[in-house]
Amino acid sequence: MNAASAPAKEQQPHAEVFLGVNIGCGTSVADGWYNIDNSPTIWLSRIPVLRSLFRVPAWPKSVHRHDVLRGLPFGNETVDCIYSSHTFEHFTYAQSLFLTKECLRVLKPSGVLRIVVPDLKQLVQDYLSDPDSMASHRFIERLSLSHTWQDLFHRGAHHQQMFDGRSLLGMLDEAGFENAQLSNFSESRIMNLAGLELAQRRHESIYVEAYKLRAQDQMQLPKGA
Ligand SMILES: C[S@@+](CC[C@H](N)C(=O)[O-])C[C@H]1O[C@@H](n2cnc3c(N)ncnc32)[C@H](O)[C@@H]1O
């Protein structure tokens with residue numbers, strides 16, 4: 001049984017099988033990962049006539065439809081790695097903080113959390129260096145903060161917040177990850193990122209990685225470190 005097909009509720013603490021979870025996977029899934037997304041188009045795509053009628057993307061069969069804001073469907077300390085690309089900005093700050101705490105709960109000691117989001121600082125720099133007369137409109141469009149009828153059917157269809165490096169690290173720290181650090185495209189403690197981290201997102205993204213401290217590491221940390 002590989003991680004992607006493992007039923008979540010049967011995961012035992014410290015199970016030997018690798019369990020990597022991809023939160024807000026969209027259609028970019030990778031073998032061996034437990035891919036989660038809550039788009040309603042996942043259902044539509046599984047019925048051929050509705051798929052062509054509504055022109056929805058062909059969702060890979062391995063995607064599990066689940067709203068992560070209801071919590072992660074895993075037991076405490078059962079998950080090896082969590083990856084999430086361009087999804088945390090679809091939540092309010094309070095929701096993303098809740099989800100980050102959920103990540104801490106389900107990760108095994110030394111388990112890794114890697115979050116990739118659009119970098120507000122980079123978007124602002126792109127805007128400031130754009131000589132086009134419509135640069136202001138392009139900037140606002142890229143923020144994707146406006147809400148449309150799609151939100152009625154899909155909570156999380158649009159952005160609700162924007163991060164930069166400081167705010168993303170701050171959220172991880174507030175959630176209890178004491179060692180979060182900025183990272184770079186494709187540089188990770190996670191061995192099998194291939195197929196998940198998209199090169200086309202590189203320019204506009206901020207990468208952050210943290211791991212869950214083992215109990216003995218926490219005891220050794222000086223207060224305030
Ligand atoms: C911009 S896409 C990112 C897809 C992919 N990870 C990538 O980097 O291209 C954000 C994804 O988050 C999903 N999403 C939003 N809210 C969610 C929620 N509450 N639970 C699970 N998935 C959610 C959306 O359906 C969407 O597929």
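**Close-up views of a predicted model**

**View 1. The shell around the ligand.** In this predicted model, the residues around the ligand comprise five nonpolar, ten polar and three charged ones. The shell holds 18 residues, and the closest to the ligand are Gly24, Gly26, Asn38, Ser85 and Gly156.

View 2. Seven strands form an open sheet in the order 3-2-1-4-5-7-6, and their pairing is mixed. Strand 3 (63-65) and strand 6 are the edge strands, each pairing on one side only. From one strand to the next, the twist averages 25°.

**View 3. Strand 4 beside strand 5, with helix 7.** Strand 4 and strand 5 run parallel and are joined by six bridges. Val112 in strand 5 stands opposite Cys81. Helix 7 packs on the sheet, where it touches strand 5, strand 6 and strand 7. The direction of helix 7 makes about 25° with that of strand 7.

**View 4. The largest nonpolar core.** This core has 43 residues, and those touching the most other members are Val21, Ile82, Leu113, Leu168, Leu172 and Val208. Among the elements that give two or more residues to the core are helix 3 (93-106), helix 7 (165-175) and strand 7 (205-211). Strand 5 gives the most, with six residues. Leaving out residues up to four places away in sequence, Leu113 touches Ile82, Cys103, Leu107, Phe177 and Ala210.

**View 5. Asn192 in its loop.** Asn192 lies in the loop between strand 6 (181-183) and strand 7. Asn192 counts as partly exposed because it has 15 C-beta neighbours inside 10 Å. From C-alpha to C-alpha, Asn192 and Ala30 are 9.0 Å apart in space, although 162 residues apart in sequence.

Terms used. Residues are numbered from 1 along each chain as its sequence is written. This is a predicted model: local features need pLDDT of at least 70, side-chain atom pairs count only at pLDDT 80 or more; totals for chains, interfaces and linings use all residues. A nonpolar core is a set of buried Ala, Val, Leu, Ile, Met, Phe, Trp, Tyr and Cys residues joined through C-beta atoms within 7 Å. A residue is buried if 20 or more other C-beta atoms lie within 10 Å of its own, exposed if 12 or fewer, and partly exposed in between; C-beta atoms are placed from the backbone. Helices (H or I, at least four residues) and strands (E, at least two) are DSSP runs, numbered from the N terminus. Two residues are in contact if their C-beta atoms, placed from the backbone, lie within 7 Å. A residue is near a molecule or strand if its C-beta atom, placed from the backbone, lies within 6 Å of it. Ala, Val, Leu, Ile, Met, Phe, Trp, Tyr, Cys and Pro count as nonpolar, Asp, Glu, Lys and Arg as charged, and the others, Gly among them, as polar. Two strands pair if DSSP finds at least two bridges between them. Axes are lines fitted to C-alpha atoms, for helices over the stretch in contact, and angles run from 0 to 180 degrees between N-to-C directions.
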